[in-house]
Amino acid sequence: MAKASDGDFQIDPNDSLGYLCRIAFRNFSRALERRTLPHGISSGQWRFLRVLWIEDGITQRELSRRVGLREPTTVTALKALEKAGLIHRWQSKEDRRKLQFYVTPKARQLELALSPYIVEVNEIATQGLSSNEVEVLQDLLRRVGHNLSEDVDSDRPLDSSI
């Protein structure tokens, strides 16, 4: 893959890791949503439920961080989940300014119904890949995500001469 410093950098989407990841992510979301929408759960709602199924009682800020979305988007999603009777909020006992979110029994039942779809969609996505290739892919994506998170979280000024 050419780098900007190579002088002959081409902006071909098929050579862009970001573009390829975006297409894969969009297709993952669509495949999962085909399965969850009949249960009344959108892919956006799924992201938050999945985190809360693993760790109930976390704050809005922490949910935003784990899902990778900005807080205004999180607020909208949480309101919809609350309206659907899937989560409820409680004021933190340690810090009354913070709200903690918990799944309801209705959401726990959905977890049992929807969780097999994760396996199904991942199996579809990795057809033709060996288990070793899947492990390598997971490792590479974790490393790419880590590299980018370091840049995003950096206070280092960008080179504006580009």
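Modeller: Happy to! Nearest the centre of the largest pocket lie Cys21, Phe25, Phe28, Arg50 and Leu141, which belong to a lining of 36 residues. A pocket here is an open set of points on a 1 Å grid over the protein atoms alone, where a 1.4 Å probe fits and protein lies on both sides within 12 Å along at least five of seven lines; lining residues have an atom within 4 Å of a point. Two or more lining residues come from each of α1 (17–36), α2 (43–54), α3 (60–67), α5 (105–125) and α6 (131–152). Helices are DSSP runs of H or I with at least four residues, strands are runs of E with at least two, and both are numbered from the N terminus.

Please keep in mind that this is a predicted model: local features need pLDDT of at least 70 and side-chain atom pairs count only at pLDDT 80 or more, while totals for chains, interfaces and linings use all residues. Residues are numbered from 1 along each chain as its sequence is written, and side-chain values use heavy atoms, with hydrogens and water left out.

The space in the largest pocket is about 1,900 Å³, a volume being the space filled by probe spheres set on grid points that are joined across faces, edges and corners. By class, its lining has 22 nonpolar, nine polar and five charged residues. Ala, Val, Leu, Ile, Met, Phe, Trp, Tyr, Cys and Pro count as nonpolar, Asp, Glu, Lys and Arg as charged, and the others, Gly among them, as polar.

The axes of α1 and α2 cross at roughly 90 degrees and come within 9 Å; axes are lines fitted to C-alpha atoms, for helices over the stretch in contact, and angles run from 0 to 180 degrees between N-to-C directions. This makes α1 roughly perpendicular to α2, a term for angles of 65 to 115 degrees. On the α1 side, Phe25, Ser29, Leu32, Glu33 and Thr36 make the contact, and on the α2 side Ser43, Trp46 and Arg47, where contact means heavy atoms within 4.5 Å. That contact has three nonpolar, three polar and two charged residues.

α2 also packs on α5, at an angle of about 110 degrees and with the axes 11 Å apart, so α2 and α5 are roughly perpendicular as well. Here Trp46, Leu49, Arg50, Leu52 and Trp53 of α2 meet Ala107, Arg108, Leu110, Glu111, Leu114 and Ile118 of α5. This contact holds eight nonpolar and three charged residues, with no polar ones.

As for the whole, the protein chain has six helices and three strands, in the order α-α-β-α-α-β-β-α-α along the sequence.

Technical notes:
Parallel < 35°, antiparallel > 145°, perpendicular 65-115°, else oblique.
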